[in-house]
Amino acid sequence: MLSLRGVSKRFRLDGGWERPALQGVDLFLAEGDFATVIGPNGAGKSTLLNVVAGTLRPEEGQIWLDGRELSHWPEHRRARWIARVFQDPLRGTAAHLTVEENLALAWARGRRRGLRRAVGARERRRFQEWLEQLNLGLEHRLKQPVGLLSGGQRQALALVMAAATRPRLLLLDEHTAALDPTASRQVMELTCRLVAEHRLTVLMVTHNMEQALEVGNRTLMMHEGRIILDLQGEARRRMGVEELVASFARLRGERLVEDRLLLG
Ligand SMILES: Nc1ncnc2c1ncn2[C@@H]1O[C@H](COP(=O)(O)OP(=O)(O)OP(=O)(O)O)[C@@H](O)[C@H]1O
Ligand SMILES: [Mg+2]
């Protein structure tokens, strides 16, 4: 389904190169895989999502989706198959447009071929149904600008819009991190429901270790631009949150030692 082969990405700094953000990453996601991605700050999680979405071009490696090589495709071309929701609720929706207009845009983006006609009564009814399912009262606010909604409402809407584009792959980058605990839980529940309903393949970055083990069917741990752990099946079921946190802490420790060595 999604396949990354030897993907490397480095950023230029004044007078040289930074440590690689991705180092020869190989990853294969099967159809319907829902992988959570964890790792310390700067591990390369967002960079991984960015090279898949086409926001960033890797120096090396290939990216394949459904048997097509996308490596040289611009971001907007990949967007027909790949949807994203970011941490910042302001990024997924257009604030000055109404709830209905935002949904209509997403819906039009999902029509890959054929006419992109205006939203009709049938679509409007469908939007209303989606919003009713959210239980956030958004179905009564179709004509309001999205800028008036709360962060949680906007993230929920961004998710529904992402699903409305009928993507093959959904990329979530800490999309519940900026929300209060209740909204965060609601958006996570909605995520799981939409993923199941539309049978999406997902990469979801999170700093929540419990979530990383409970949601989806795989857990990837990144460290210094590499995927150093790929938990699935029995091994994932056996892994406890404490053990995962401990291996995380060990990583941080190693980094500290390394830095000290460098300083010394
Ligand atoms: N646009 C950029 N320009 C320069 N360096 C960048 C850029 N984006 C990321 N980096 C660097 O690449 C490395 C990986 O960053 P990335 O954002 O992928 O980490 P992350 O795992 O998402 O971290 P976090 O948990 O803090 O979001 C870091 O060293 C970061 O400073
Ligand atoms: Mg990040």
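Helices (H or I, at least four residues) and strands (E, at least two) are DSSP runs, numbered from the N terminus. This is a predicted model, where local features need pLDDT of at least 70, side-chain atom pairs count only at pLDDT 80 or more, and totals for chains, interfaces and linings use all residues. Residues are numbered from 1 along each chain as its sequence is written.

**View 1. Here is the open sheet, whose 6 strands follow the order S8-S9-S10-S5-S11-S12.** Its pairing is mixed, two strands being paired if DSSP finds at least two bridges between them. Strand S8 (82–85) and strand S12 (226–232) each have a single partner strand, so one side of each has no neighbour in the sheet. From one strand to the next, the twist averages 20°.

**View 2. Now meet the pair formed by S11 and S12.** Strand S11 (residues 218–223) runs antiparallel to S12, with 6 bridges between them. Look for leucine 220, whose bridge partner in S12 is aspartate 230.

**View 3. Helix H6 (residues 181–197) lies across S5, S9 and S10.** H6 runs at about 145° to S5; axes are lines fitted to C-alpha atoms, for helices over the stretch in contact (heavy atoms within 4.5 Å), and angles run from 0 to 180 degrees between N-to-C directions.

**View 4. Alanine 212 sits in helix H7 (residues 209–214).** This alanine counts as buried because its relative accessibility is 0%, the cut-off being under 20% relative accessible area (1.4 Å probe, protein chains only). Leaving aside residues up to four places away in sequence, alanine 212 touches Thr36, Ile38, Thr206, Thr219 and Arg236. Between the C-alpha atoms of alanine 212 and arginine 250, the separation is 18 Å.

Note on methods: Chains lettered and ligands numbered in written order. Heavy atoms only, no water. Buried < 20%, exposed > 50% of the residue type's maximum accessible area, 1.4 Å probe, protein only.
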